[in-house]
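Hi,

Here is the structure I said I would pass on.

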Amino acid sequence: MTVRELSGSHRETPPADPAAVIDVRDLRMRYGSTDVLHGVDFTAHRGEVLTLLGPNGAGKTTIIEILEGFRMRSAGTVSVLGADPASAGEAWRARVGVVLQSWRDHGRWRVRELLHHLGRFYLHFSEPGCPRPYDTGELVEAVGLQPYADQKISTLSGGQRRRLDVAIGIVGRPELLFLDEPTAGFDPRARRDFHDLVHRLSDLDDTTVLLTTHDLAEAEKLADRILVLAGGRIVAGGSADQLARQVAGTAEVRWARGQERFLHATEDPAGFVRELFAQHGAEITDIEVRKATLEDTYLALVREHETGGGRDLRLEEVRP
C-alpha cells in the first residue's frame, strides 16, 4: 500500500469510480473570500462505514451538507448514489437517511405513531429487493424503544429522543446513512446498542454509513476507514491501524525490575522485549507494551497541520 502525496492547488481530477456510493473529486467551497474546502477527494463503497474526523471548523459539516444536497459547492465533482445531490430528486432522497445533531420537536406524537406516519412517505419508493419503509415494530425494536413505543415523545429522556432520531433517519431503509454525532447524550448501554445497530445495517443490509464524531473510541470501533480533515483538506486516510503505523509508529514499553520502573520508546517493540528478556530474564517483574492509539494518531496529525508541518498522507483507497 502506498502513500499518495498531493502537490499544488491545481491538479488533474481523478476519474470517477463507477462502483462508489460516494465519489468526491476536487471538492472546493468558498464563503466570500474565505476558502473552507481545498480540493477534497474521497470515495465510499457499499456496506462501508466511513468516519470523518477533524477539529471544529475543519469543514466536516460543509462536506456533509454538500453530500446531502443541502448546500451548493463552489467547485468540484460530487456523485452520491450515482447522482449529483445538488439536483437529485425525491426518488434519490428516499434512498438517503440523515441523522442530524439537532432534534426537531414532535412532542405531541407518540413514538410508534410518528415512525408509522413518516414511513408512509417511502411506500412509493420501494424497489425490488429493497422494500420501503422498515416495519414500524421492527424499527422500534431495533433502536431499543419498545418500552416507550406508545409514549408521547415529550416524555422521553434525551438519550431516548436520540434513539428516536436514529429511527427517523433509517425509517426509509436507506442505502446511504449520514450520522452527525449520533451518540451524543447516549449512556454506555445505549451507545453499545447503537454500535450494534450500525454494524447490522452495514453487514446485513449493505448500508453505506458516513459518520462524523468527536468520540475517537467510537470511530475506532465502528469505522472500516477513517478520514482526518484539517484546514479544509483530508490529510490522512485509512483504517485506525493503518493510520497508527503511518503516523505514530512508535510504541512504548514499560517494565519493572525489582522496585525500579522503566519506559522506552521503540519502533520495534517485539524485538526490544526479546532483547530485554535475554538480558534480564527472571529479574523482570512487570511489562506492558502500549501501541499508538487512534487518539495519539489524530492529535499528532492535527498538531502537525496547525504548526505548519503537516503531511498530506492518504493511503490508496481499498474496498473493505
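Below is what turned up, topic by topic.

First, some ground rules: this is a predicted model, where local features need pLDDT of at least 70, side-chain atom pairs count only at pLDDT 80 or more, and totals for chains, interfaces and linings use all residues. Residues are numbered from 1 along each chain as its sequence is written, and side-chain values use heavy atoms, with hydrogens and water left out.

Let's start with charge pairs. Side chains of opposite charge can pair when their charged atoms come close. A salt bridge here is a side-chain nitrogen of Lys or Arg within 4 Å of a carboxyl oxygen of Asp or Glu, and the structure holds 18 of them.

Glutamate 175 is the one to click on. It is buried, with a relative accessible area of 11%; buried means under 20% relative accessible area, exposed over 50%, and partly exposed in between (1.4 Å probe, protein chains only). The areas themselves come from the Shrake-Rupley method with a 1.4 Å probe, and for residues only the protein chains shown count as cover.

Which arginines does glutamate 175 pair with? Arginine 46 is one of them, with the closest N and O atoms 3.7 Å apart. Arginine 46 sits in the loop between strand S3 (34–44) and strand S4 (49–53) and glutamate 175 in the loop between H5 and S7, so this pair ties together parts 129 residues apart in sequence. Arginine 46 is partly exposed, at 36% relative accessible area. (The element names follow DSSP runs, numbered from the N terminus: helices are H or I with at least four residues, strands are E with at least two.)

Arginine 95 also forms a salt bridge with glutamate 175, at 2.8 Å from N to O. Since arginine 95 is in the loop between helix H2 (90–93) and strand S6 (96–99), that pair ties together parts 80 residues apart in sequence.

Then there is arginine 132, whose salt bridge to glutamate 175 comes in at 3.1 Å, N to O. Arginine 132 lies in the loop between H3 and H4, 43 residues from its partner, and counts as buried at 3% relative accessibility. Through shared partners, salt bridges join Arg46, Arg95, Glu127, Arg132 and Glu175 into one network.

Most residues other than glycine have a negative phi, and most peptide bonds are trans. With that in mind, look at the peptide bond from arginine 132 to proline 133: it is cis, with omega near 0 degrees. Proline 133 is in the loop between H3 and H4.

Aspartate 26, in strand S2 (residues 22–31), has a phi of about 55 degrees. Glutamate 181, in the loop between S7 and H6, has a phi near 50 degrees. Aspartate 26 counts as buried at 15% relative accessibility, and glutamate 181 counts as buried at 15% as well.

**What is inside**

The largest nonpolar core has 31 residues, and Leu164 and Leu179 have the most contacts inside it. Such a core is a set of buried Ala, Val, Leu, Ile, Met, Phe, Trp, Tyr and Cys residues joined through side-chain atoms within 4.5 Å. Elements giving it two or more residues are helix H3 (111–119), helix H4 (136–142), helix H5 (158–170), strand S7 (176–180), H6 and S8. H6 gives the most, with five residues.

Helix H1 (residues 60–68) is mostly covered, with seven of its nine residues buried; among them are Ile63, Ile64 and Leu67. Just after H1, glycine 69 takes a positive phi of about 85 degrees.

Threonine 212, in strand S8, is buried with a relative accessible area of 2%. Threonine 212 and leucine 53 are 159 residues apart in sequence, yet 6.2 Å apart in space, C-alpha to C-alpha.

**And on the surface**

Asp203, Asp205, Asp206 and Asp224 gather in a patch of negative charge. Patch members have over 30% relative accessible area and no salt bridge; like charges are joined within 9 Å, and the place of a charge is taken as CG for Asp. Asp and Glu count as negative. Aspartate 205 lies in the loop between helix H6 (188–204) and strand S8 (208–212), and counts as partly exposed at 36% relative accessibility.

Cheers

Notes. Patches are made of residues with over 30% relative accessible area and no salt bridge: like charges are joined within 9 Å, nonpolar side chains (Val, Leu, Ile, Met, Phe, Trp, Tyr) within 5 Å.
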